Amino acid sequence: MPYLWQVYVGVMDDRAKKTRNRLKRIVKVKDFDDLINQTMLDEEERKIMNMIYKEKKSLSCIADELGMAEITVKKKHGKILKKMSDMF
């Protein structure tokens with residue numbers, strides 16, 4: 001069965017990479033939702049994670065929808081991964 005999540009690969013630290021890899025291995029949407037609900041992410045952060053991992057949208061598409069620059073979305077994604085890695 002192919003993985004449900006596909007992730008943009010950018011420059012990030014080892015903990016964030018491990019978190020990204022954990023997210024990539026999640027096959028069930030419910031497992032992903034449960035994980036996101038356990039984290040201390042604000043609404044915008046949750047939306048970005050859902051758009052990347054569940055909706056499989058590109059960073060440029062997410063940036064357009066949220067009205068921000070693509071580099072901003074990329075940086076926020078990296079910060080979210082670091083934030084989540086602190087919780088694991």
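This is a predicted model: local features need pLDDT of at least 70, side-chain atom pairs count only at pLDDT 80 or more; totals for chains, interfaces and linings use all residues.
The protein contains five helices and zero strands, and its elements follow one another from the N terminus in the order α-α-α-α-α. Of the 88 residues in the protein, 36% are buried. Among contacts between residues at least 6 apart in sequence, 54% join residues at least 24 apart. The accessible surface amounts to about 5600 Å², and carbon and sulfur atoms account for 50% of that surface.

In soluble globular proteins, nonpolar side chains tend to be buried together. In the present model, the largest nonpolar core comprises 20 residues. Within this core, the residues with the most contacts are L23, F32, M49, Y53 and M84. Two or more residues are contributed to the core by each of α1, α2, α3, α4 (59–66) and α5. The greatest contribution is that of α3, which supplies five residues. The surroundings of M49 illustrate how residues from several parts of the sequence meet. When residues up to four places away in sequence are not counted, M49 touches L23, F32, I36, L41, K54, H77, I80, L81 and M84.

Helix α2 shows a division between its sides. Its buried residues are F32, L35 and I36. Viewed down the axis of α2, these buried residues fall within an arc of 95°, and they therefore line one face of the helix. An α-helix has 3.6 residues a turn, so residues three or four places apart point the same way. The other side of α2 carries the exposed residues K30, N37 and Q38. The packing partners of the buried residues of α2 are α1, α3 and α5 (70–87).

One aromatic pair is present in the structure. It is formed by F32 and Y53 in a tilted arrangement, with 5.8 Å from centre to centre and 40° between the planes. The pair links distant parts of the chain, since F32 belongs to helix α2 (residues 29–38) and Y53 to helix α3 (residues 43–54), 21 residues apart. F32 has a relative accessible area of 0% and is therefore buried. Y53 likewise counts as buried, because its relative accessibility is 0%.

Helix α1 (residues 14–25) includes R20. With a relative accessible area of 8%, under the 20% limit for burial, R20 is a buried residue. Although R20 and M84 are separated by 64 residues in sequence, their C-alpha atoms are 9.4 Å apart in space.

Six salt bridges occur in the structure. In one of them, the side chains of K54 and D33 meet at 2.8 Å, N to O. This pair also links distant parts of the chain, with K54 in helix α3 and D33 in helix α2, 21 residues apart. Both side chains belong to partly exposed residues: K54 has a relative accessible area of 32%, and D33 has one of 25%.

A further salt bridge joins the side chains of E45 and K83, at 3.0 Å from N to O. Because E45 lies in helix α3 and K83 in helix α5, the pair ties together parts that are 38 residues apart in sequence. E45 counts as buried at 16% relative accessibility, whereas K83 is partly exposed, with a relative accessible area of 30%.

Another salt bridge is formed between E55 and K57, whose closest N and O atoms are 3.1 Å apart. E55 is partly exposed, with a relative accessible area of 45%, and K57 counts as partly exposed at 25% relative accessibility. E55 and K57 are linked together with E65 in a network of salt bridges.

K56 is placed in the loop between α3 and α4. Most residues other than glycine have a negative phi. The phi of K56, however, is near 55°, a positive value in a residue other than glycine. K56 is partly exposed, its relative accessible area being 44%.

Terms used
Residues are numbered from 1 along each chain as its sequence is written. Side-chain values use heavy atoms; hydrogens and water are left out. Rings of Phe, Tyr and Trp (its six-membered ring) pair if their centres lie within 6.5 Å; planes under 30 degrees apart count as stacked, over 60 as edge-to-face and the rest as tilted. Helices (H or I, at least four residues) and strands (E, at least two) are DSSP runs, numbered from the N terminus. Buried means under 20% relative accessible area, exposed over 50%, partly exposed in between (1.4 Å probe, protein chains only). The arc is that of the directions from the helix axis to the C-beta atoms. Contact means heavy atoms within 4.5 Å. Accessible areas come from the Shrake-Rupley method with a 1.4 Å probe; for residues, only the protein chains shown count as cover. A nonpolar core is a set of buried Ala, Val, Leu, Ile, Met, Phe, Trp, Tyr and Cys residues joined through side-chain atoms within 4.5 Å. A salt bridge is a side-chain nitrogen of Lys or Arg within 4 Å of a carboxyl oxygen of Asp or Glu.
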